[in-house]
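Hello,

Here is the structure I promised to pass on. Have a look at it first, and then read my notes below.

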Amino acid sequence: MFLARWILGAIILLVERLYSPKPVQRDNDTQAAVDNETAQLTLYQYKACPFCVKVRMAMKRQSLSIETRDAKRSDSAKAELLAGGGVLKVPCLKIVDPQGATSWLYESSDIIVYLNDRFSPNVA
Ligand SMILES: N[C@@H](CCC(=O)N[C@@H](CS)C(=O)NCC(=O)O)C(=O)O
């Protein structure tokens, strides 16, 4: 069982590497503004979770520098996720708004829609 999981995890990470998207290019000022905003986001995740890979690939495509915290390997990350989000499920995006209010967004598809809506360079 452990071996099967290990092999599956290795395949997931290989797929992430092989299908790594090309990051969008922004001018320096725009990227700095985006970096400033993404400093308020944290992705709670597992390294070899396919749903987390999906979100990490979306982050890469959008050139989003978002801190990731591994809720499997780090007890403190796991505790933060449980205390803040309420459920031990990944991926989960912690969002701190400009007023300092925190929200926790679960579901990989919802996280990707949120990131694309907020940071897509094609959106005015
Ligand atoms: N529909 C969810 C599925 C997420 C999911 O099933 N995540 C698994 C890891 S791959 C999880 O957190 N399971 C609970 C656990 O490991 O404790 C999504 O798309 O984000």
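Which residue in β4 is the bridge partner of Val 96? The partner is Thr 102.

Before going further, a word on the basis of all this. This is a predicted model, in which local features need pLDDT of at least 70 and side-chain atom pairs count only at pLDDT 80 or more, while totals for chains, interfaces and linings use all residues. Residues are numbered from 1 along each chain as its sequence is written, and side-chain values use heavy atoms, with hydrogens and water left out.

**The sheet**

Helices (H or I, at least four residues) and strands (E, at least two) are DSSP runs, numbered from the N terminus. Two strands pair if DSSP finds at least two bridges between them. Four strands make up an open sheet in the order β2-β1-β3-β4, and the pairing is mixed. Because β2 (67-70) and β4 stand at the edges with a single partner strand each, one side of each has no neighbour in the sheet. From one strand to the next, the twist averages 25 degrees.

Helix α3 (residues 50-61) lies across β1 and β2 and runs at about 150 degrees to β1. Angles run from 0 to 180 degrees between N-to-C directions, with axes as lines fitted to C-alpha atoms, for helices over the stretch in contact. Contact means heavy atoms within 4.5 Å.

Strand β3 (residues 92-96) and β4 are antiparallel, with five bridges. They form a hairpin with five residues between them, and Gly 100 in the turn has a positive phi of about 95 degrees.

Thr 102 lies in β4 (residues 102-106) and counts as partly exposed because its relative accessibility is 41%. Here buried means under 20% relative accessible area, exposed over 50%, and partly exposed in between (1.4 Å probe, protein chains only). Setting aside residues up to four places away in sequence, Thr 102 touches Lys 94, Ile 95 and Val 96.

Thr 42, in strand β1, has a relative accessible area of 10%, so Thr 42 is buried. Beyond its neighbours within four places in sequence, its contacts include Ile 66, Glu 67, Cys 92 and Leu 93.

**Backbone details**

Most residues other than glycine have a negative phi, and most peptide bonds are trans.

- The peptide bond from Val 90 to Pro 91 is cis, with omega near 0 degrees; Pro 91 is in the loop between α4 (75-84) and β3.
- Ser 63, in the loop between α3 and β2, has a positive phi of about 50 degrees and is buried at 19% relative accessible area.
- Glu 107, in the loop between β4 and α5, has a positive phi near 80 degrees and is partly exposed at 40%.

**The largest pocket**

What is the volume of the largest pocket? The value is about 500 Å³. Of its 16 lining residues, the closest to the centre are Arg 5, Trp 6, Gly 9, Ala 48 and Lys 72. A pocket is an open set of points on a 1 Å grid over the protein atoms alone, where a 1.4 Å probe fits, with protein on both sides within 12 Å along at least five of seven lines; lining residues have an atom within 4 Å of a point. Grid points are joined across faces, edges and corners, and the volume is the space filled by probe spheres set on them. Helix α1 (residues 2-18) gives the most to the lining, with eight residues.

Best wishes
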